[in-house]
Amino acid sequence: TGVQTCALPILVVDDHPLFRRGLVSLLSYDERFHVVCEAGDVNEALQLAKSHSVALILLDNHLPGVRGVDAIASFKELDPEVKVVMLTVSDDEDDLAKALKSGADGYLLKTSDSEQLSDTLSRVIAGESVISPQMMNKLVASLRHQAEPSGNPDSPTRLAERLSPREREIVQLIAKGLSNKLIARELDIAETTVKIHVQHVFKKLELSSRDRKSTRLNSSHVSE
């Protein structure tokens, strides 16, 4: 139909058929989106991505065999223009950092409502990188506890210490659910400037994750 021709072609990847079908059904109510294929694991998804023209991939993380975060680079290699949004139960910061480092365009928790989902997909297609407000709230919590001693490298304050005052402002506004456009209006700066700040936050998040992993590895070597 004309609606499907104009709608955004989506590939849904999730190993739970009931959730997957529910997601497909939910997206069918929005004429902007059209699920053209679905898969239960990464290998099947890669084959479908090769044989179908998809603009966006909704990707679960905990999949049989290859995890979602470990497959992002493969999808991007197939089509550098495809958008990949993680839709997962994992609120682990390391998974978030790995997803961003691998090229994910969005990271959304399965506890999100339908409005958050459609808003995230729309913003990602418009060129934004979107992180679930719940995940951003973790960063806000770390900002609030920054006064606490941060000698422990595993402390969330390690990331907070790396953020500039403007980046902290933006993190707090993202946690409230504001889009880049609304943040730009709120802070009276250009939307492109907001995007640059968000990218800096993401890069620092990746660095923080690598530091935590490095510390854990070093600690395990010392204890041996």
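Biologist: Which residues line the largest cavity of this predicted model?

Modeller: A cavity is a space where a 1.4 Å probe fits but cannot get out. In this predicted model, the lining of the largest cavity is made up of Arg123, Ser129, Val130, Ile131, Ile174, Leu178, Asn180, Val198 and Phe202, and the elements that contribute two or more residues to that lining are S6 and H11. The volume of this largest cavity is about 50 Å³, and a search of the whole structure finds two cavities of 30 Å³ or more.

Biologist: What volume does the largest pocket have, and which residues lie nearest its centre?

Modeller: A pocket, unlike a cavity, is an open set of points. Here the largest pocket has a volume of about 220 Å³, and of the 13 residues in its lining, Ala104, Ser129, Val198, Gln199 and Phe202 lie nearest the centre. Helix H11, which spans residues 191-223, supplies six residues, the largest share of that lining.

Biologist: Turning to the sheet, in what order do the strands lie?

Modeller: Strands of a sheet pair through backbone hydrogen bonds, and this pairing may be parallel or antiparallel. In this model six strands form an open sheet with parallel pairing, in the order S2-S1-S3-S4-S5-S6. Because strand S2 (33-39) and strand S6 (130-131) stand at the edges and have a single partner strand each, one side of each is left without a neighbour in the sheet.

Biologist: How many bridges join S1 to S3, and which residue of S3 stands opposite Val12?

Modeller: Strand S1, residues 8-13, runs parallel to strand S3, residues 56-59, and four bridges join them; opposite Val12 stands Leu58 in S3.

Biologist: Which helix lies across S1 and S2?

Modeller: That is helix H3, residues 42-51, which runs at about 130 degrees to S2.

Biologist: And the aromatic rings: how many aromatic pairs are counted, and which residue lies over the face of Phe19?

Modeller: For ring pairs, the centres must lie within 6.5 Å, and by this rule the count of aromatic pairs is zero. A charge over a ring is read separately, and in this case Lys110 lies over the face of Phe19, 4.3 Å from the ring centre.

Terms used:
Residues numbered from 1 in each chain as written. Predicted model: local features only at pLDDT ≥ 70, side-chain atom pairs only at ≥ 80, totals over all residues. Heavy atoms only, no water. Phe/Tyr/Trp six-rings, centres within 6.5 Å; stacked < 30°, edge-to-face > 60°. Lys NZ or Arg CZ within 6 Å of the ring centre and 35° of its normal. Pairing = 2+ DSSP bridges. Contact = heavy atoms within 4.5 Å. Axes fitted to C-alpha atoms, helices over the stretch in contact; angles between N-to-C directions. 1 Å grid on protein atoms, 1.4 Å probe; cavity = no way out; pocket = protein on both sides within 12 Å on 5 of 7 lines; lining within 4 Å. Points joined across faces, edges and corners; volume = space filled by probe spheres on them.
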